[in-house]
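Let's take a walk through one protein model together. Keep the sequence and the 3D view open while you read.

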Amino acid sequence: MSVEESSPRLKWISKAIVRGYFKLFHQYEALGQEHLPPTPPVLVITNHVSNLDVPAFTLADKYVGSRLVAKESLMRTPVVKQILASWGAIPAARDGRDSSTLRVVLGSLKEGRLVAIAAEGTRNRQGWLGETNPVLARLAIQASAQGIPLIPLAAVGTYECLPRGAWLPRPGKVNVLIGPAFDLSYLKEWPKDEGVEEARRVIRERLIVMMETKLPVAPSLPAPAAAQTV
């Protein structure tokens, strides 16, 4: 039996405390929840700029049995380890290339769960969004080809409230933005390397547009070319 299954009280109590803290100090809102499908499996791809991200993302989750990928070092910290485990955390190496983590992620999706994973595979030091991890891009293509919805999810305000190196968070507004589902299954037909690069671009674009607009939206489609007249 997993820690998550054996500690429902810890999960409920810890999330209630986190929810109260975010409402009081960060005026927390989760926007775009209508974009989540009625039931999982779902692969959620996030930005990651602050240690406040994981609890903020967890509060936006409406499903039972969801899992999130968290850095392995957090899973060695007393108390934090137990709380994250009760939230369904999957420990991962910093470089995001741990094959055992990928197996757990794929297994959890096959079980019909939501799994959330950072696009870069690690926390961004500058509070922005770097390049998408190619391993995550391949995973997203594979999941999409199996009919699993891909959902972009961005935290806005967490870096300002708790940047890298800070010990204590500052009050400030935090929003979690849940964007429309998108599909990468067509990339299975592309040459492998080209498909991965396109997936990396699409994933980053989906997150960047929400971080810039602070809205749970998809990138605008390019305007059709004007018809030429003879």
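A residue is called buried if its relative accessible area is under 20%, exposed if over 50%, and partly exposed in between (1.4 Å probe, protein chains only). Helices (H or I, at least four residues) and strands (E, at least two) are DSSP runs, numbered from the N terminus.

A quick word on where things come from. This is a predicted model, in which local features need pLDDT of at least 70, side-chain atom pairs count only at pLDDT 80 or more, and totals for chains, interfaces and linings use all residues. Residues are numbered from 1 along each chain as its sequence is written, and side-chain values use heavy atoms, with hydrogens and water left out.

## The sheet

Let's begin with the strands. Seven of them form an open sheet with mixed pairing, in the order E1-E7-E6-E2-E5-E3-E4; two strands pair if DSSP finds at least two bridges between them. At the edges sit E1 (29-31) and E4 (89-92), each pairing on one side only. On average, and ignoring direction, neighbouring strands of this sheet are turned by 25 degrees against each other.

Now pick out strand E2. Is it mostly covered or mostly uncovered? It is mostly covered, as five of its five residues are buried. Val42, Val44 and Thr46 point one way from E2, while Leu43 and Ile45 point the other way, and all are buried.

E2 runs parallel to E5, and five bridges join the two. Across that pairing, valine 42 stands opposite leucine 114 in E5. E2 also runs parallel to E6, this time with four bridges, and there threonine 46 stands opposite leucine 153 in E6. Two bridges join E3 (residues 67-71) to E5 (residues 114-118), and these strands run parallel too. Here arginine 67 stands opposite valine 115 in E5.

Two helices pack on this sheet. Helix H5 (residues 99-110) touches E2, E3, E4 and E5, and its direction makes about 155 degrees with that of E4. Helix H6 (residues 134-145) touches E2, E5 and E6 (150-156), and its direction makes about 155 degrees with that of E2. Contact means heavy atoms within 4.5 Å. Axes are lines fitted to C-alpha atoms, for helices over the stretch in contact, and angles run from 0 to 180 degrees between N-to-C directions.

## How the helices meet

Two packed helices are described by the angle between their axes and the distance between the axes. Here are two pairs from this model:

| Helix pair | Angle | Distance between axes |
|---|---|---|
| H5 and H6 | about 20 degrees | 12 Å |
| H6 and H8 (residues 192-213) | about 95 degrees | 9 Å |

Angles under 35 degrees count as roughly parallel, over 145 as roughly antiparallel, 65 to 115 as roughly perpendicular and the rest as oblique. H5 and H6 are therefore roughly parallel to each other, whereas H6 is roughly perpendicular to H8.

Which residues make the contact of H5 with H6? From H5 come Leu102, Val105, Leu106 and Leu109, and from H6 come Val135, Leu139, Gln142 and Ala143. Seven of these count as nonpolar, one as polar and none as charged. (Ala, Val, Leu, Ile, Met, Phe, Trp, Tyr, Cys and Pro count as nonpolar, Asp, Glu, Lys and Arg as charged, and the others, Gly among them, as polar.)

Zoom in on leucine 106 in helix H5. Leaving aside its neighbours within four places in sequence, leucine 106 is in contact with Leu139 and Gln142. Its C-alpha atom is 8.0 Å from that of alanine 143, 37 residues apart along the chain.

On to H6 and H8. Pro134, Leu136, Ala137, Arg138, Ala140 and Ile141 in H6 meet Lys192, Gly195, Val196, Ala199, Arg200 and Ile203 in H8. The residues of this contact divide into eight nonpolar, one polar and three charged.

Valine 176 lies in strand E7 (residues 175-178). It counts as buried because its relative accessibility is 0%. Beyond neighbours within four places in sequence, its contacts include Glu29, Phe57 and Leu153. The C-alpha atoms of valine 176 and glutamate 29 are separated by 6.4 Å, although the two are 147 residues apart along the chain.

Next, look in the loop between E1 and E2 for proline 41. The peptide bond from proline 40 to proline 41 is cis, with omega near 15 degrees.

Finally, glutamine 27 sits in the loop between helix H2 (8-26) and E1. Its phi is near 45 degrees, a positive value in a residue other than glycine. With a relative accessible area of 40%, glutamine 27 is partly exposed.
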